Amino acid sequence: MKMTKIVRTTADLFFPFCLVFGLYVVVHGHLTPGGGFQGGAVMATGTALLLVARAYDDVTGRIRKGAMKVCEAAGLLIFLCAGFSGLFAGRPFMANWLAPDGALFRTSIAHGPNAGDLNTAGLLPLLNVGVGIEVLGGLTVILLYMLSGIKEEKKK
Amino acid sequence: MRNVLFSAILLLFFGGLLYLAADLPFGDPLRTDMDDYFIRNAQAQTGANNVVTSIVFDFRGFDTLGEATVLFTAVLGVGMMFRKLKEGEEYEND
């Protein structure tokens, strides 16, 4: 099944914006509403858009199932490694040891409303990115599996 | 007759539920110690402006680890259900 050229072009046009917006939601998870789960879902929406506008075989060239499986596992691994990194710093598991004076994301913020700085919150951005990659990979794999039945219909 | 009876029982059940729920304090919780603590200290302790994220990923980080694992397992299950059959393998019919 293939939609008209208008729908296909619009989907192609919107796909990168979906990815960029999802990435924005993931990366700004510690500043604005949203986070890893929500941003990953937004990114996976781009795949759904392509899948309904084009045939399944048309999409697999651009989005590979194997790469998405790797994404999913890598996201969970990033999350786990970030969690275990607290142990090496002499803090408990999942402790936010980067927050006050670590090497990364260490800028301290004023209490109350402030402009917001991406370079804050210690471990939280890393965890957000891990979860975002995992949700992107997982939802995309589910979509590709479940919508693999969408094929071009042959006219008899 | 049965429908009337069923509707009456349903009405009674939900009426009672609403009557009980009307007494519950809503929007004015009695214990706000936890909320006050998060609102006052979340920014200073985690450095994140988004208090929700600081709770989900820092104060309750272990819970989020479980959530991520649940998602991983769900995707594994979907992958197993939608897998390609091997050569000569048949669907089980019974």
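The structure is a predicted model.

**Helix α4 of chain A**
- The buried residues of α4(A) are A:M68, A:E72, A:G75, A:L76, A:F79, A:A82, A:G83, A:S85 and A:G86.
- Their cover includes α5 of chain A, together with α3 and α4 of chain B.
- After α4(A) comes A:G90, which has a positive phi, near 75°.

**Packing of α4(A) and α5(A)**
- Two packed helices are described by the angle and the distance between their axes.
- The axes of α4(A) and α5(A) come within 7 Å and cross at roughly 150°.
- Angles over 145 degrees count as roughly antiparallel, and α4(A) and α5(A) are therefore roughly antiparallel to each other.
- Their crossing is left-handed.

**Helix α4 of chain B**
- Helix α4(B), residues 61-81, has 21 residues and reaches 30 Å from its first C-alpha to its last, close to the 30 Å expected at 1.5 Å a residue.
- Buried residues in α4(B) are B:G61, B:T64, B:L65, B:A68, B:L71, B:V75, B:V78 and B:G79.
- Seen down the axis of α4(B), these buried residues fall within an arc of 150°, so they line one face of the helix.
- An α-helix has 3.6 residues a turn, so residues three or four places apart point the same way.
- The face of α4(B) turned away from the buried side carries the exposed residues B:F62, B:V70, B:M80 and B:M81.
- Elements covering the buried residues of α4(B) include α2 (36-53), α4 (65-88) and α5 (124-146) of chain A, along with α3 (51-59) of chain B.

Key. Residues are numbered from 1 along each chain as its sequence is written. Chains are lettered from A and ligands numbered from 1 in the order in which they are written. This is a predicted model: local features need pLDDT of at least 70, side-chain atom pairs count only at pLDDT 80 or more; totals for chains, interfaces and linings use all residues. Side-chain values use heavy atoms; hydrogens and water are left out. Helices (H or I, at least four residues) and strands (E, at least two) are DSSP runs, numbered from the N terminus. The expected span of a helix is 1.5 Å times one less than its number of residues. Buried means under 20% relative accessible area, exposed over 50%, partly exposed in between (1.4 Å probe, protein chains only). The arc is that of the directions from the helix axis to the C-beta atoms. Contact means heavy atoms within 4.5 Å. Axes are lines fitted to C-alpha atoms, for helices over the stretch in contact, and angles run from 0 to 180 degrees between N-to-C directions. Angles under 35 degrees count as roughly parallel, over 145 as roughly antiparallel, 65 to 115 as roughly perpendicular and the rest as oblique. A crossing is left-handed if the near helix is turned anticlockwise from the far one by less than a right angle, and right-handed if clockwise.
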